[in-house]
Amino acid sequence: MKSKTTNYITLEFLSRSANEAFARGAVACFAAQLDPTLEELGDIKTAVSEAVTNAIVHAYPDRLGRIVVKARVLEDNILEISVRDWGKGIDDVDRARQPLFTTGGEERSGMGFTIMESFMDRLTVRSGQGKGTRVVMRRRILPRPAGR
């Protein structure tokens with residue numbers, strides 16, 4: 001069953017590392033309309049940071065490329081975030097989702113997908129060689145009691 005979108009944003013930027021903080025902050029500001037706790041907001045920011053950093057580092061290792069981040073508020077207080085690139089793609093998505101696996105060298109932890117998965121309710125990754133990758137994350141923000 002498809003959920004109805006009640007609000008959305010779309011961001012497009014170059015795969016420059018400086019834009020990771022912009023994307024994280026913009027999605028956090030957008031998510032604020034759902035009145036998340038500070039912990040929920042921190043989880044969302046971390047997941048966005050990991051997804052965008054993956055696109056910057058792995059999709060375009062030797063050139064600048066395009067990244068599009070979309071965020072939607074769905075019915076039932078669900079925040080959906082999509083991070084899309086048109087880079088080199090992931091050879092083996094299942095392997096890439098394993099903790100500690102990385103193609104980014106010694107400075108990379110290989111925990112990006114694991115972190116996204118732990119902070120969000122749902123994570124899907126679709127990728128094609130030479131076609132890029134789309135990561136879609138969902139998180140339900142629990143309504144807080146009135147008069148807190």
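**View 1. Valine 68 has arginine 84 of β3 as its bridge partner.** This is a predicted model: local features need pLDDT of at least 70, side-chain atom pairs count only at pLDDT 80 or more, and totals for chains, interfaces and linings use all residues. Residues are numbered from 1 along each chain as its sequence is written. β2 and β3 pair in the antiparallel sense over eight bridges (pairing needs at least two DSSP bridges; strands are DSSP E runs of at least two residues, helices H or I runs of at least four, numbered from the N terminus).

**View 2. Five strands form an open antiparallel sheet, ordered β1-β2-β3-β5-β4.** β1 (5–14) and β4 stand at the edges with a single partner strand each, so one side of each lacks a neighbour in the sheet. The twist averages 10° from one strand to the next (angles run from 0 to 180 degrees between N-to-C directions; axes are lines fitted to C-alpha atoms, for helices over the stretch in contact).

**View 3. Helices α1 (residues 18–31) and α2 (residues 38–59) cross at roughly 145°.** Their axes come within 9 Å. Contact residues (heavy atoms within 4.5 Å) include Ala23 and Val27 of α1 and Ile44 and Val48 of α2. The contact residues divide into nine nonpolar, two polar and three charged (Asp, Glu, Lys and Arg count as charged; Ala, Val, Leu, Ile, Met, Phe, Trp, Tyr, Cys and Pro as nonpolar; the others, Gly among them, as polar).

**View 4. β4 supplies four residues, the largest share, to the lining of the second largest pocket.** β2 (66–74), β3 (78–85), β4 (122–128) and β5 (132–140) each supply at least two. The lining divides into four nonpolar, two polar and seven charged residues (a pocket is an open set of points on a 1 Å grid over the protein atoms alone, where a 1.4 Å probe fits, with protein on both sides within 12 Å along at least five of seven lines; lining residues have an atom within 4 Å of a point).

Technical notes
Heavy atoms only, no water.
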